[in-house]
Amino acid sequence: MGRADPASNRRKKRLSFPRRAIPLSLYVHIPWCLRKCPYCDFNSHALLAEGLPLSHHQALPLEAPYLDALCRDLEQELPFVAGREVATFFIGGGTPSLLSCAGLDRLLTSLRDRLPISASAEVTLEANPGAVDVERFAGFKAAGVNRLSLGIQSFNDASLSRLGRIHNRAEAIAAFALARRVGYDNINLDLMFGLPGQDLVGAKADLAAALALAPEHISYYQLGIEPETAFYRRPPQLPDEETCLAMQAQGVAMLAAAGFVQYEVSAYAQPNRQCQHNRNYWEFGDYLGIGAGAHGKITGAEGVRRRAKYQNPRTYIEGIQANGAYLADEEWVSPSDLPVEFMLNALRLVEGVPSALYAERTGLSLSRISDKLALSRTRGWLDPREDRLVATKTGRQFLNNLLELFLPDDADQA
């Protein structure tokens, strides 16, 4: 486990956090799904692969001991955030909608009992259209979930089959209708383009189907081939880069025409419907991460600390049951790495962030990277306004090159 000395004199000299509180979010990871999709590189574990029941109508195996572990995990995190109010929850996976209504209610009740919660807290739950029913949706809403994120990915049955999804077009539309029926008025749809066998007409039809449902938020992003996935081992035939760029341009235009505002690289929202939880990530806010494979970032007087939990859910449960061990890694972010970590998040936002946020969230003076900011602006990648850190349109197109300018160099290490 790589650890830096939290009492480092060097860190204390270089970081100076203002008194204004940094927003705090909570992420809870539910690691199981019915089937592992071939493009997925998230920490998810297919029930079928583990010899467990493959039906969302059956109780989620290990639900009770996993919920016990989540509570103990949170209790061990509490000293790092004593007294701080939680502004947003996000329950992700895996397929969190596999949880029973009673299980989710127990989870949210446990969180409320242990943490100060904002009265207006956004509580998001990810759901798979093939693993929901009206009773579950109603039970989740009664437990306190006020925002749903539906993993649609496509409305084309052939594309869904190639992606290994367990639902079809009709089930995706039905799941959205069920959510509306029980009263959800804040729903995100995940939709991908650049799919195997997809052309420009097919991408347009997919997005048109999503827009016809009139959700409040759409996450629209290109399918990527990630290491350690089935698609990486056996790559499918994807549309070429020129076609994908045309799909993206077509999608941006369609979304804008439908009243969606792009506020992040792949996030589009109706007015006042941006995902507040994800905004906190991009604005370099703090977050607790509980559950198998969850990551957290907490800022304290001594700096920024990241913590990661054991990925395997059985190892995670057994470690906590045996001796409270659940931590796979912990490290303090060095001051020289903070600039690129901050920019990696903040510059994803289309409107960027106020320049003052840099000092608030990193404890470092913006003047320390003035030469890098100047070079970014000279190249036309960063907006010339000094009161705001925002990538230009060209900068967003060359975001990786822009971020490289903020990597630590010899002067940062001194």
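Predicted model: local features only at pLDDT ≥ 70, side-chain atom pairs only at ≥ 80, totals over all residues.
1. Helix α4 spans residues 134-143 and contains R136. Its buried residues are R136, F137, G139, F140 and A143. Viewed along the axis of α4, these buried residues fall within an arc of 165°, and they therefore line one face of the helix. An α-helix has 3.6 residues a turn, so residues three or four places apart point the same way. On the other side of α4, E135 and A142 are exposed.

2. The cover over the buried residues of α4 comes from several elements. Among them are the helices α3 (101-114) and α6 (169-181), together with the strands β5 (117-127) and β6 (147-153). Just after α4, the backbone at G144 adopts a positive phi of about 125°.

3. A polar atom of the R136 side chain lies 3.0 Å from the backbone oxygen of L98.

4. The largest nonpolar core comprises 70 residues, and L104 and F137 have the most contacts inside it. Leaving aside neighbours within four places in sequence, L104 is in contact with I91, L99, L125, F140, A143 and V145. Another core, of 30 residues, lies apart from the largest one; Y263, L347, L382 and L402 are among its members.

5. Strand β11, residues 286-290, is mostly covered, with five of its five residues buried. The burial extends to both faces of the strand: D286, L288 and I290 lie on one side, and Y287 and G289 on the other. Strand β1 (residues 24-30) pairs with β11 in the parallel sense over five bridges. Within this pairing, L26 stands opposite L288 of β11.

6. Helix α9, residues 241-257, holds Q250. The relative accessibility of Q250 is 18%, and since the limit for burial is under 20%, Q250 counts as buried. When residues up to four places away in sequence are not counted, Q250 touches L200, A203 and K204.

Notes:
Residues numbered from 1 in each chain as written. Heavy atoms only, no water. Helix = DSSP H or I, 4+ residues; strand = E, 2+ residues; numbered from the N terminus. Polar contact = N/O pair within 3.5 Å; in protein donor to acceptor, adjacent residues only side chain to side chain. Buried < 20%, exposed > 50% of the residue type's maximum accessible area, 1.4 Å probe, protein only. Arc of directions from axis to C-beta. Contact = heavy atoms within 4.5 Å. Core = buried A, V, L, I, M, F, W, Y, C linked by side-chain atoms within 4.5 Å. Pairing = 2+ DSSP bridges.
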